[in-house]
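The following exercises concern the architecture and packing of one protein chain. Each task is followed by a worked solution.

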Amino acid sequence: MFLDRAPLTPQQQKALQRLRNEINEEKLYQEGDTLDSDDRTLLRFLRARDFDVKTAKKMLVDCLKWRRTVEDIGIDELYRRIDPFDLGRPLNVHFIGGINLPELYKDVTPERHWQTIIVNAESLVREVLPACSAEAGRHINQALVIADLSGFRYPPPPFLSLFRNG
């Protein structure tokens, strides 16, 4: 089996199959979950945990729980409320040091700012990567994000405390 990287070793293939079996047996996915359960998705969790099925499954369970409960409404409802693509083409600039938070927070609350960050990240897997895959004619499941921190100062923005609590 080959999925976007070097072929999986027999041990890695067994880990993938074991994770898939445990997910199915324990019915970890619920109706309405929008995180894929395909091999590529499961391999992201396995690779993140060096193919340790137990810790990869815990990570997946925690991810699914977070997706169902983020902001007390779940990622899908939050995405519907703040669709990053409803105004046309997306423009995503990470110029963190140049943000004037006091000025921004005259128009938007720190909570709303955090919600847009969550939805923006979700749009990567829902819309951007699938569109890139379609354009390239092959599966693309990674992105490179460059964040310009010029001028970044401590203390951190207020929304970061929401991240620690979320």
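**Exercise 1. Overall architecture**

Read from the N terminus, the elements of the protein chain follow the order α-α-α-α-α-α-α. The model is a predicted one, in which local features require pLDDT of at least 70 and side-chain atom pairs count only at pLDDT 80 or more, while totals for chains, interfaces and linings use all residues. Residues are numbered from 1 along each chain as its sequence is written, and side-chain values use heavy atoms, with hydrogens and water left out.

Task: State how many helices and strands the protein chain has, and what percentage of its residues count as buried.

Solution.
- Step 1. Helices (H or I, at least four residues) and strands (E, at least two) are taken as DSSP runs, numbered from the N terminus. The protein chain has 7 helices and 0 strands.
- Step 2. Buried means under 20% relative accessible area, exposed over 50%, and partly exposed in between, with a 1.4 Å probe and protein chains only. Of the 166 residues, 27% count as buried.
- Step 3. Contact means heavy atoms within 4.5 Å. Among contacts between residues at least 6 apart in sequence, 68% join residues at least 24 apart.

**Exercise 2. Helix packing**

Task: Describe how helix 2 is placed against helix 3 and against helix 1, and how helix 1 crosses helix 3.

Solution.
- Step 1. Two packed helices are described by the angle between their axes and the distance between the axes. Axes are lines fitted to C-alpha atoms, for helices over the stretch in contact, and angles run from 0 to 180 degrees between N-to-C directions. Angles under 35 degrees count as roughly parallel, over 145 as roughly antiparallel, 65 to 115 as roughly perpendicular and the rest as oblique.
- Step 2. The axes of helix 2 (residues 39-48) and helix 3 (residues 53-69) come within 8 Å and cross at roughly 120 degrees; the two helices are therefore oblique to each other. The crossing of helix 2 with helix 3 is right-handed, that is, the near helix is turned clockwise from the far one by less than a right angle. On the side of helix 2, L42, F45, L46 and A48 meet V53, A56, M59, L60 and C63 of helix 3. This contact comprises 9 nonpolar, no polar and no charged residues. Here Ala, Val, Leu, Ile, Met, Phe, Trp, Tyr, Cys and Pro count as nonpolar, Asp, Glu, Lys and Arg as charged, and the others, Gly among them, as polar.
- Step 3. Helix 1 and helix 2 pack at about 105 degrees with axes 10 Å apart, and are therefore roughly perpendicular. A15, L16, L19, R20 and I23 of helix 1 meet D39, L42, L43 and L46 of helix 2. By class, these are 7 nonpolar, no polar and 2 charged residues.
- Step 4. The axes of helix 1 and helix 3 come within 10 Å and cross at roughly 45 degrees, so this pair is oblique. Its crossing is right-handed. A15, R18, L19, E22 and I23 of helix 1 meet V53, K57 and L60 of helix 3. The residues of this contact divide into 5 nonpolar, no polar and 3 charged.

**Exercise 3. Nonpolar cores**

Task: Which residues have the most contacts inside the largest nonpolar core, and which elements give two or more residues to this core?

Solution.
- Step 1. A nonpolar core is a set of buried Ala, Val, Leu, Ile, Met, Phe, Trp, Tyr and Cys residues joined through side-chain atoms within 4.5 Å.
- Step 2. The largest such core has 17 residues, and I23, L46 and L60 have the most contacts inside it. Helix 1 (10-25), helix 2 and helix 3 each give two or more residues to this core.
- Step 3. Not counting residues up to four places away in sequence, L60 touches I23, Y29, L35, L42 and F45. A second, separate core of 8 residues includes I75, L78, I82 and I118.

**Exercise 4. Individual residues**

Task: Is F51 buried or exposed, and is K27 buried or exposed? Which residues does Q115 contact beyond four places in sequence?

Solution.
- Step 1. Most residues other than glycine have a negative phi. F51, in the loop between helix 2 and helix 3, has a positive phi near 65 degrees. F51 is buried, with a relative accessible area of 18%.
- Step 2. K27 has a positive phi of about 50 degrees and is placed in the loop between helix 1 and helix 2. At 66% relative accessibility, K27 counts as exposed.
- Step 3. Q115 lies in helix 6 (residues 110-136) and, at 16% relative accessibility, counts as buried. Leaving aside neighbours within four places in sequence, Q115 is in contact with E71, L78 and I82.
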